[in-house]
Amino acid sequence: MLRYILKRALSLVLSLVVASILIFVTIEIVPGDPASYMLGLNAQPDTIENLRRELGLDKTPVARYLSWVGGLVQGDFGTSYTYRTPVADMVADRLMVSLPLALYALLLSTAIAFPVGVLAATRRGSVADWSVMGTTQLGIAIPNFWFALLLVLVFAINLRWFSAGGFPGWEAGFFAGLKALTLPAVALALPQASILSRVMRSSLLDTLDEDYIRTARAKGLSRRQALWRHALRNAMIPVLTILGLQFSFLLAGAIIIENVFFLPGLGRLVFQAITQRDLIVVESVVMLLVFAVVLITFLVDVAYALVDPRLRQQA
Amino acid sequence: MITTNSNHHTDAQLRVNGLNLSIHETPILNSVSFDVRAGEVLGIVGESGSGKSMTAYSILQLLPDGSSLSGSVELEGQQLIGASESELCDVRGDVVGMIFQEPMTALNPVQTIGQQVAETVYIHGGVSRRAALKVARETLNRVGLPEAEFALDRYPHELSGGQRQRVVIAMAIALKPRLLIADEPTTALDVTTQAQILAVLKRLVLEDRMALILITHDLAVVANVADHLVIMRHGNIVEQGGVQEVLATKAHPYTRQLFEASGHKPDREGTSLTDKPLLKVDGLIRDYRLPRTRLFGPSRYFRAVDDVSFQLHRGESLGLVGESGCGKSTLTRAILGLDTIQGGVITIDGETVNAHHTMALSLRRKMQVVFQDPYGSFNPRHKVNRLVAEPFHLVKDAPTGNALRAVIAEVLESVGLAASDADKYIHEFSGGQRQRIAIARALVIKPALIILDEAVSALDVSIRAQILDLLASLVDTHDLSYLFISHDLSVVRSITDRVLVMKAGKLVEQGPTEQVFLHPEHPYTQSLIAAVPQLPD
């Protein structure tokens, strides 16, 4: 088990190194001079020269890469050119919104998908199964921004249970913050829950056809007992894979929902940084997101091993 | 139905009477009736589709959706037909235990063997988890899995097929059921393992005075173990009675047919043995790379084929026997030029075989292979003519159009099919017919050598007899040599001239087939041959 984790951890580190080189090369080297790009067409030569010095562009690419990575490791992400504030602080602020939002949506999606998937699998072919399949099909098809607008219309404008957007900050209290994130989380969770329910259902159905379920039934387990004791854990591997992909997506891909609800999240930060050509912010946030995705993949790998003893010994 | 023995009605543990089963309106079982008494072994024998497994599932009512069951299943006086699901759950595992065919998939891969055996005990209530684990330990000991090697916290994937089957048996007998049902419990196992598992079952029946229903397609297996025999065909019992009577009188024609097919020896009179070598294998070594134990440590290797040398002559049928994992399939792949070898030389007609693209097509053309699984080895979207014509990509000026059709028609007829079968899809054929198509596919480019890798192992005995006859007749008409690989020693004995015995990557014995079978020299060959269940003459 330990060896397995070490191996996965090593591959995590290697992925990060490769990703950081790729990001550095594409952003800082390939498109020409970053300083003149950031300042636009009408910039004065001496302004560009100042920025070049500030960015350290007079040094060799290798030295720049090393100092960038060295900074990242120590939590120094550089200073935003547009806002003149440390990128690390900006990202930390945004993470305080994006991370809870992603977790909230993931929790909702899992809480919906598990029971729904199990229900559909155990009552295969029944009315319940058919309606689950129909509803989830709809859930995948509906664009989540449209669903978000619908939520705003019903729960914010008509019923006035929630505010239509904005984020009061965690200083306003845990529940105030949670409340502000509820509608966006529901909007994000709907398509994810639909996908996850279907994966859960089909994975469970496959598992229920396995020989060891028949063995369990011959031991005297009821259908329900065989499902809970034997099928569920075996059905988890595909579900975990999807869950990992979904979390990565929720963290980085919530930009549309953040815009609908005026949330100061990471997605909006990247979007603004790109439009303002603030490459320092773009570079760091992209690297952070890569780190998050790789870390989640690592955690999913560890979860696989916890579920399946065959993986633990394979190393 | 013929009943040879009528005085076994008293004291029945299980009494099945007039059992009818249909699944989605298709009749599966037709008025099946038999009794089993305590301490007695009832063998149910039949070919695939005979309803023998469905009979077992009907007793426990573990049936697929859409089944309708009628008749009477009386277990120690309790009527099971019409019993509620929760009553049936109480019976399953407690009063009736069941063992299945496929030990590799019958266990939950993510639970320890201890948990799985203990579950039988605590699912039926009344004991703590700890007490259940204690029972699990004792039961595993009883089936020959001692604590030293087989601790409760081992996982199924750490055990071999035979060991897993012992775990399945332990799960079934943990509560000392009154009736044990074993559905083809040894079919997926090697002969020596089969003998051990049968011995364990026999011992448990004696110790616990259980009734045992042993379901199998292999008459020889039950002949040595069972007290009573039920012969089934197409959902009907065609004959039943004491095992000696049934096997001695063979009153029903189907019983006789089954009996003869089991020991069938194809007529190989006209074979023209030569001493011209066709295939020469000299000092063959094949290593597999194992996963590294340390990250940057040296690679480790597993030697699957270790210094193997033999010759196969033109017109000869050479057998290769050995148990699973002995390296038979690895050797086959090397001969076919599919894998790179690590030492030795393989030649066919003096030309060297290698796994490189430099291996001449003319050399590849000289050998073809027929695999075990008649269901998995065809692309279901292609018609038979395309499937059979496939090897022609090895031929430069392959026939096309009408010439190709003529060749395919000829080869299909030579394996006993009709020329019109060329336009059908593979799902329209039975297992035996598919195996004929596989042979046709191998024959179509007129190879010198056909490798038959467990080619008849998945077939019913009567179909197997027909395929063996076909193979024997093709030797003459097509000037063929066979390398016949099988774990089934009786089949190898009936179809080969010489035999090689392989164990752990090495050839331990080789010689003329009859001589090896009558006077095996190596202790391993002796144990293999001793383990083969024999039909009484």
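Me: What is the mean pLDDT of chain B?
Reply: This is a predicted model, and confidence is reported per residue. In chain B, 96% of the residues reach 70 or more. Residues 1-10 of chain B stay under 50, although the model has 21 contacts beyond four places in sequence for them. The mean pLDDT of chain B is 87.

Me: Which helix gives the most residues to the side of chain A that touches chain B?
Reply: In the contact between the chains, 18 residues of chain A meet 25 residues of chain B. Helix H9 (211-218), helix H10 (223-234) and helix H15 (309-313) of chain A each supply at least two residues of that side of chain A. By class, this side divides into 5 nonpolar, 5 polar and 8 charged residues. With 6 residues, the helix that gives the most is H9(A).

Me: How many helices does chain A have?
Reply: The C-alpha trace of chain A spans about 80 × 60 × 35 Å along its principal axes. Among its contacts between residues at least 6 apart in sequence, 69% join residues at least 24 apart. Of the 315 residues of chain A, 33% count as buried. The secondary structure of chain A has 0 strands, and its helices come to 15.

Me: Is A:Ile27 buried, exposed or partly exposed?
Reply: A:Ile27 is located in helix H1 (residues 2-29) of chain A. Leaving aside neighbours within four places in sequence, A:Ile27 is in contact with A:Leu279, A:Val282 and A:Glu283. A residue is buried if 20 or more other C-beta atoms lie within 10 Å of its own, and exposed if 12 or fewer do. Because A:Ile27 has 17 other C-beta atoms within 10 Å, A:Ile27 is partly exposed.

Me: Which element supplies the largest share of the side of domain 1 of chain B that touches domain 2 of chain B?
Reply: The C-alpha centres of domain 1 of chain B and domain 2 of chain B lie 26 Å apart, and 13 residues of domain 1 are in contact with 14 residues of domain 2. Helix H1 (52-60), strand S8 (179-183) and helix H6 (191-208) of chain B give two or more residues to the domain 1 side. That side has 10 nonpolar, no polar and 3 charged residues. The largest share, 5 residues, comes from S8(B).

Me: Which residues touch the most other members of the largest nonpolar core?
Reply: The largest nonpolar core contains 224 residues. B:Ile213, leaving aside neighbours within four places in sequence, is in contact with B:Val36, B:Leu42, B:Ile44, B:Ala56, B:Ile181 and B:Ala182. Those that touch the most other members of the core are B:Leu179, B:Leu212 and B:Ile213.

Me: Which residue in S15(B) stands opposite B:Val281?
Reply: In chain B, 4 strands form an open sheet in the order S13-S12-S15-S16, with antiparallel pairing. Its edge strands are strand S13 (300-313) and strand S16 (351-352), each of which pairs on one side only. Strand S12 (residues 277-290) is joined to strand S15 (residues 343-348) by 5 bridges. Opposite B:Val281 stands B:Ile346.

How values were computed
Residues are numbered from 1 along each chain as its sequence is written. Chains are lettered from A and ligands numbered from 1 in the order in which they are written. This is a predicted model: local features need pLDDT of at least 70, side-chain atom pairs count only at pLDDT 80 or more; totals for chains, interfaces and linings use all residues. Domain bounds come from an automatic or database domain assignment. Two residues are in contact if their C-beta atoms, placed from the backbone, lie within 7 Å. Ala, Val, Leu, Ile, Met, Phe, Trp, Tyr, Cys and Pro count as nonpolar, Asp, Glu, Lys and Arg as charged, and the others, Gly among them, as polar. pLDDT is the predictor's confidence in each residue, from 0 to 100. A nonpolar core is a set of buried Ala, Val, Leu, Ile, Met, Phe, Trp, Tyr and Cys residues joined through C-beta atoms within 7 Å. Two strands pair if DSSP finds at least two bridges between them.
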